Amino acid sequence: MAIIQKVKTEWKKSWQLYLLVLPTLIWYGVFIYKPMWGLLISFKEYSVFQGFAGSDWVGLDNFTYLLSNPEFWRAFINTIELSIGGLVFGFPVPIFLAILLWELKHAFSRKVIQTVVYLPHFISVVIVSGLMLTFLAPSVGVINIIIRHYHDFILSIQGHLSWAPWLAHLLDHINLDEQYFMIDPAWFKTIFISSNIWQSSGFSSIVYFAAIVGINPALYEAATLDGASRFQQIRHITLPCILPTIVIMFIIAIGHLMDSNFEKIILLYQPATYSTADTLGSFVYRIGIENTQYGPATAAGLFNALIAVVLVFGSNRIAKKISETSLW
Amino acid sequence: MLNYSVGTKDKIFNIVNIILLVVFALSCVYPFLYTLAASVSDGDSVTAGDVLLLPKHINIESFKIILKDKIIWTGYLNTIFYTGFGTFCSLVMTITCAYALSKKDLWGRKLFMIFIVLTMWLNIRVFGVIPFYLNIRDLHLTDSRTGIIIGFLMNAFYIVLMRTYFEGIPADLEASAKMDGASHFQILWNIYIPMSRPAIVTVGLFYAVARWNGYFWAMVLLQDENKIPLQVYLKKVLTDANRNDEFSSSTFGSITSPETISAAIIVISVIPVIMIYPFILKYFNKGANVGGVKE
């Protein structure tokens, strides 16, 4: 057995190194890979008393149960809508922010702004949710107070607008009423996506900023000599130079599309907003952890994972084709 | 089209740029400033909507009330323990493992790396919440402090970051130490660790922030009130108080209100993060730019 011989000699040569790496490998085996095996619960009717091995195989029963469950489909559609909404509105913001920061040439102000915009990333999901509930609270929340002030302001000037009825009309239209945002299903997605953008854009801009710093300054100097405006420089130098970074970050974002930040969802949603807020992650938590329907919950997670895997490989392949940049 | 000179155009560009950045930056700090102001204002002013940026009728009653609460102290101490000890364990594992994996002649190194890095995509804690939970339960680690410490030790990303940093340390240092008969343990302890302080602090701070902020799994795994970390307690107070308003009738019209109490709780739990935040940035700049995220 050549392989055993090989292992023996390698162990003798560097047993110290194997000793150093072993605890981590065991940890990954026990806490990450062993539960992957447990994903097979998707095909079982899990019984608490008989455990994993003793539970009966039920084939695709859990999946057919899910596919006939309207709550599952609602969660699936919400997951997709929230992810795509988050990607469309959220993905460009850090790129934009990094460019703005780069164009700010005053080093100290730049440092101050960077320090401030990274901060929300380090705040816990519980605090962020708490802040959101406070800000969006009915009547006492800051957002509703601002709406109220705005109302009063419009009322006070409307009397003076008889000379311009169209303006009064327009102001009437862009009026927003005070409301209880967190129990209104129509608001949930907007609130959720904007709060994610608020929390992550600053920190995500670091990667793009590092890419811009790495651009050869001679390019900008030559462009300035040729009379290129700042906009033209952004359009023809900055953006093309950071395109590979953008593509990589985009692939990574696609790979995380199905994650949907369910921790925050279960902190913010409530039965009144399930119709727009419930995602696969929160659905799994609710039926699995709260109602102990382990089989169907695991199946829903596996379903989610399969889509994620397809997305990672698919986006990587497309990126390879169109821009010759890819993760592997 | 108006025909501005290049200088004027430049000025307009700069002004727009600064305005956009300042608006974004303000949106990032305003919630914290408001919360700080609300926490030291009196309840009626906050409820009436008089506090928007500056505090009104300054007092610290809300802080007195929450600091009398025993569970918040327990939560605080638990969080300090989970953060301190958990980060220490994570660092020991990450450093030792990254050191071994930074040796290019280690047989099987590539396989080990794939084994570890794969978990960045196959995130069992996101897609396999139930199997992960059942596994912890089968190991009898639910409702236990050990479970919280041991179940969430590693993060593949930081192993990679650490390894990349170690690979940048000149190999001749190690070679000469080996000539003097030093073991790997001695080389790691006497050469690698002292030379990688920025990277170690950076990774440690990130582990610590994740521990400090960790909520979901502590909420799922811990039932005993004596073991729950601050975040789980915070959730109970913040979201539940806002939802069923049971607080408000009992304390309405007094010097505090549910809003000021929530604000005070947010302040005392965010303060430690704000305090280490400058260090995070300082070391992050050093650690990450030297050897880490830039390939």
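**Conventions**

I number residues from 1 along each chain as its sequence is written, and chains are lettered from A and ligands numbered from 1 in the order in which they are written. Because the model is predicted, local features need pLDDT of at least 70 and side-chain atom pairs count only at pLDDT 80 or more, while totals for chains, interfaces and linings use all residues; side-chain values use heavy atoms, with hydrogens and water left out.

**Confidence**

I began with pLDDT, the predictor's confidence in each residue, from 0 to 100. For chain A the mean is 89, and 98% of its residues reach 70 or more.

Chain B has a mean pLDDT of 86, with 89% of its residues at 70 or more. In chain B, residues 243-252 have pLDDT below 50, and this stretch has 13 contacts in the model beyond near neighbours in sequence, a contact being heavy atoms within 4.5 Å. Residues 290-295 of chain B also have pLDDT below 50, with eleven contacts beyond near neighbours in sequence.

**Make-up of chain B**

I counted 16 helices and zero strands in chain B. Of its 295 residues, 53% count as buried, where buried means under 20% relative accessible area, exposed over 50%, and partly exposed in between (1.4 Å probe, protein chains only). Among the contacts in chain B with a separation of 6 or more, 72% come from residues 24 or more positions apart.

**Between the chains**

How many residues of chain B are in contact with chain A? I found 93 residues of chain B in contact with 95 residues of chain A. The area buried between them is about 8400 Å², and carbon and sulfur atoms give 77% of it; this is the accessible area (1.4 Å probe) that two parts lose on being put together, summed over both.

The count of salt bridges between the chains is one, a salt bridge being a side-chain nitrogen of Lys or Arg within 4 Å of a carboxyl oxygen of Asp or Glu. The side chains of Asp10(B) and Arg230(A) form it, at 3.1 Å from N to O. Helix H1 (residues 6-39) of chain B gives the most to the side of chain B that touches chain A, with 17 residues.

I also found 17 residue pairs in polar contact across this interface, both residues at pLDDT 80 or more. A polar contact is a pair of N or O atoms within 3.5 Å; within protein, one must be able to donate a hydrogen and the other to accept it, and residues adjacent in sequence count only if both atoms are side-chain atoms.

**Nonpolar cores**

I took a nonpolar core as a set of buried Ala, Val, Leu, Ile, Met, Phe, Trp, Tyr and Cys residues joined through side-chain atoms within 4.5 Å. The largest has 176 residues, and those touching the most other members are Tyr28(A), Phe122(A), Phe166(B), Phe216(B) and Trp217(B). A second, separate core of eight residues includes Phe135(A), Val46(B), Val51(B) and Ala263(B).

Leaving aside neighbours within four places in sequence, the contacts of Phe166(B) include Ile95(B), Tyr99(B), Leu188(B) and Tyr192(B).

**Single residues**

His184(B) lies in helix H11 (residues 184-195) of chain B and is buried, with a relative accessible area of 9%. Beyond four places in sequence, its contacts include Gln16(A), Leu17(A) and Glu174(B), and its side chain makes a polar contact with the side chain of Tyr99(B) at 2.8 Å.

Ser205(A), in helix H10 (residues 185-213) of chain A, counts as buried because its relative accessibility is 0%. Its contacts, leaving aside neighbours within four places in sequence, are Pro94(A), Leu97(A), Ala98(A), Leu101(A) and Tyr118(A).

His57(B) has a positive phi of about 50° although it is not a glycine; His57(B) sits in the loop between helix H2 (43-48) and helix H3 (61-68) of chain B, and counts as exposed at 58% relative accessibility.

Key
Helix = DSSP H or I, 4+ residues; strand = E, 2+ residues; numbered from the N terminus.
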